[in-house]
Amino acid sequence: MLSRSDLTLASCLLLVSTPGISPAAAVEDVRQLFRLCPPDIDEEQRRTLVAAACILLKEEPRLSPQDALADALQLWELTR
């Protein structure tokens with residue numbers, strides 16, 4: 001589970017980078033990213049993937065949450 005701190009920071013990133021998004025919507029978007037993570041990964045990887053997906057969404061708002069998470073997962077795998 002994402003900590004309150006992780007959820008707040010990731011939501012903040014979406015809030016400042018997504019025009020018209022409300023704080024509640026930013027929090028829900030981060031929770032959605034968390035739920036989209038593969039169930040068999042550890043908490044460190046899950047937190048990292050959610051943060052990375054938020055950064056990717058910040059830079060490319062047309063990216064879907066699923067695609068942002070897939071890109072983040074690919075980056076994770078490439079850093080082995």
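At what angle do the axes of helix H1 and helix H2 cross? Here are some notes on that and on the other helix contacts.

1. A word on the model. This is a predicted model, in which local features need pLDDT of at least 70 and side-chain atom pairs count only at pLDDT 80 or more, while totals for chains, interfaces and linings use all residues. Residues are numbered from 1 along each chain as its sequence is written, and side-chain values use heavy atoms, with hydrogens and water left out.

2. H1 and H2. Helix H1 (residues 4-17) and helix H2 (residues 23-36) cross at roughly 120°, and their axes come within 8 Å. That makes H1 oblique to H2. Helices here are DSSP runs (H or I, at least four residues), numbered from the N terminus. Axes are lines fitted to C-alpha atoms over the stretch in contact, with angles from 0 to 180 degrees between N-to-C directions. Oblique is what remains once angles under 35 degrees (roughly parallel), over 145 (roughly antiparallel) and 65 to 115 (roughly perpendicular) are set aside.

3. Who touches whom there. H1 passes H2 in a right-handed crossing (the near helix is turned clockwise from the far one by less than a right angle). H1 brings Leu7, Ala10, Ser11, Leu14 and Leu15 to the contact, and H2 brings Pro23, Ala26, Val27, Asp29, Val30 and Arg31; contact means heavy atoms within 4.5 Å.

4. H2 and H4. The axes of H2 and helix H4 (residues 65-78) come within 10 Å, crossing at roughly 55°. The two helices are therefore oblique to each other, and their crossing is right-handed. Gln32, Leu33 and Leu36 of H2 make the contact with Pro65, Gln66 and Leu69 of H4.

5. H3 and H4. Helix H3 (residues 43-59) packs with H4 at an angle of about 125°, the axes being 8 Å apart. That makes H3 oblique to H4, and this crossing is right-handed. From H3, the residues involved are Glu44, Gln45, Thr48, Leu49, Ala52, Ala53, Leu56 and Leu57; they meet Pro65, Ala68, Leu69, Asp71, Ala72, Leu73, Trp76 and Glu77 in H4.

6. Rings. Arg46 lies over the face of Phe34, 5.1 Å from the ring centre (for Arg, CZ must be within 6 Å of the ring centre and within 35 degrees of the ring normal).
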